[in-house]
Amino acid sequence: MTEMYIREGDFAPFVDAMIAATRVIGPVGKRKKFVYEPLESSSDLRLDFDVTVLPPKKVFFPPAQELVRFDGDLVEGCIAPIDTVLFGVHFYDVKGIDMTDFLFRERNADYNYLAQREATTIVASNIQAISPRAFWDSVGPEVEPEGHDAFLTKLDGGYVLETRTPRGETLIAYGAFRDATPEEVQAAADVNASVMGRCPERLAHSSNAIAEKVRDSFGDEKLWRELANGCFSCGSCNTVCPTCYCFDVKDTWNLDQTSGQRTRYWDSCLTREFAAVTMAGGGTENFREHHSARFRHRFMRKTTYLNEKLGGPACTGCGRCAQACTVDIADPVKVITTIMEVTS
Amino acid sequence: MSCSCSGNGSNESLFLPREARILHAHQPTATEKHFTLQLVGGERFEFQPGQIMEVGVMGYGEIPIGLASSPTRTDTFEIVVRTVGRVSTAINTKGNGDSLWVRGPLGHGFDLDALRGHDVLVVAGGIGICPTRSLIQYIADRRDEFERFVLFYGARDPLQLLFPEDRGVWRAAHDIEYHETVDRADVAWTGNVGVITTLFKTTHLAADTRVVICGPPVMFEFVIRELDSIGINRENIFVDLERRMKCGVGKCGHCQINDKYCCIDGPVFPFSEIQALEEAI
């Protein structure tokens, strides 16, 4: 598509014009961390963020999402997309969105996710700060981010906006853009190249080698018990993961006791009851009884089960799980490196 | 009803259930209820034996249930629900004329093409008789498409044996070899006593028999051991697995076994396809 340039001084009016026209969600500061929230003003936008607490998947797949509403015998679906610009997404989170797009679309298209996804324009942005547990430059390098409509790169004195889709192209109308010069386009490419190789953690093996070795480790109960040692089964690693998309579904009544809703909630395969089936007499049959089996399942899913479908691991290297884990055992780099070093 | 959401538009939700009217309900045991259902509006419910559906009561939720009748029969369909949790309890409070909310049919049923033209053995343990009843009726209705048909049915005790009328029909049928057992007999019981594998001694099975197994998880291993000793190829063994199939459409992750989703890749699998998958059996 096109490469455009906007001067630093024209950037805030551009963002404010977008906010005036549509819902814009972007990274904002919250205490010492960052979160994606609807922007009220360009002054709230923090493109210098390192990583957000929750990934942007929450825009399309909220922690609680109504699926169906009922009132007596009347039952209705609840799909109500809102036109949105999701602004300032790091490339590893674009990869995460690409993966959830695929997974919600494959075989049975889930429009409770896809409708909002299709109503959303995504503007990716360059990485200005690197989070302390990130390893995105060494995980799944063969997976190219695709789902964004434009890519914004900050230069000294201004920004280059590369539009990737007609939808991204429409954003130009909100700001005082001009065509970028070849030098400015090259400078943007240099900025984006310069962050690679600077993550504090890294994987030293290819995705295929990791997939194979981790798969082979499945039967090594002792290894997985050691890796999962201390796991509280709290599910924090699932909650902050950009590619985790498991959910539970629950019905709730309104106060009138005749109407209510069926809602899906984020769920976590690390929790004890996730794979449990209720049996007669009130007991349960749990297909992953021990926390090490659940911990292993998550890593199998990230590194092997989904690779073929996704063209690489279901991990973006954001490092959120490592940061969120209370006992610091969820770090994929630590787990994978340990497995890769096991020779037997 | 006023609803702030905009409805489905052109994109249909996977989670919107359809209303099904209970034409007949009865309670064959202390914990099971047998429903005959019909979609409201009269639309025929098309499905294959072995497929599941999500069945629910709005306000309580939904659970995966195997269809217990054959699509060859009528425009109605049947399910049997065991009272085990909150949703099944809510379903089992419903009776004639009430509604249930259903989604489906979902998943893969029994591979009829693989069974057709061959001897078939069905091994049903406990409530596993319900989804297999769909296949049993199908075979009974198209008996000339299949060779020898042997049916093993086992339950904990005589009071747990479902479908007394069907069992009478199966027992009397000249082209069905029906064998049943109970783990624990009562004073009136004159039949076989012992776990379901004790029935293997009562008949001879050919090595090219196609086998369908459905029952409690503990049963599979022992039945497959018997089948191995007969020399039955594992590609010809079909297992109907139970998992927490919460969404039924391959998304929520609860029923995942390695890289398979029980709800859409199963619940019926050729055993050869899942025997190497840890956590499957």
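A residue counts as buried when its relative accessible area is under 20%. This cut-off is applied here to a predicted model.

Strand β9 of chain A spans residues 158–163. Six of its six residues are buried, so the strand is largely enclosed by the rest of the structure. In a regular strand the side chains alternate between the two faces of the sheet. In β9(A), G158(A), V160(A) and E162(A) point one way. Y159(A), L161(A) and T163(A) point the other way. Residues of both sets are buried.

Two strands are joined to β9(A). Strand β1 of chain A, residues 3–7, runs antiparallel to β9(A) and is joined to it by five bridges. Here M4(A) has L161(A) as its bridge partner. Strand β8 of chain A, residues 150–155, is also antiparallel to β9(A), with six bridges between them.

β8(A) and β9(A) form a hairpin. Two residues separate the strands. In the turn, G157(A) has a positive phi of about 90 degrees.

Helix α3 of chain A, residues 111–118, is mostly covered. Seven of its eight residues are buried. These are Y111(A), N112(A), Y113(A), L114(A), A115(A), Q116(A) and R117(A). The N-terminal end of α3(A) is capped by D110(A). A side-chain oxygen of D110(A) lies 3.0 Å from the backbone nitrogen of N112(A), and N112(A) is itself one of the buried residues.

Notes:
Residues numbered from 1 in each chain as written. Chains lettered and ligands numbered in written order. Predicted model: local features only at pLDDT ≥ 70, side-chain atom pairs only at ≥ 80, totals over all residues. Heavy atoms only, no water. Buried < 20%, exposed > 50% of the residue type's maximum accessible area, 1.4 Å probe, protein only. Helix = DSSP H or I, 4+ residues; strand = E, 2+ residues; numbered from the N terminus. Polar contact = N/O pair within 3.5 Å; in protein donor to acceptor, adjacent residues only side chain to side chain. Pairing = 2+ DSSP bridges.
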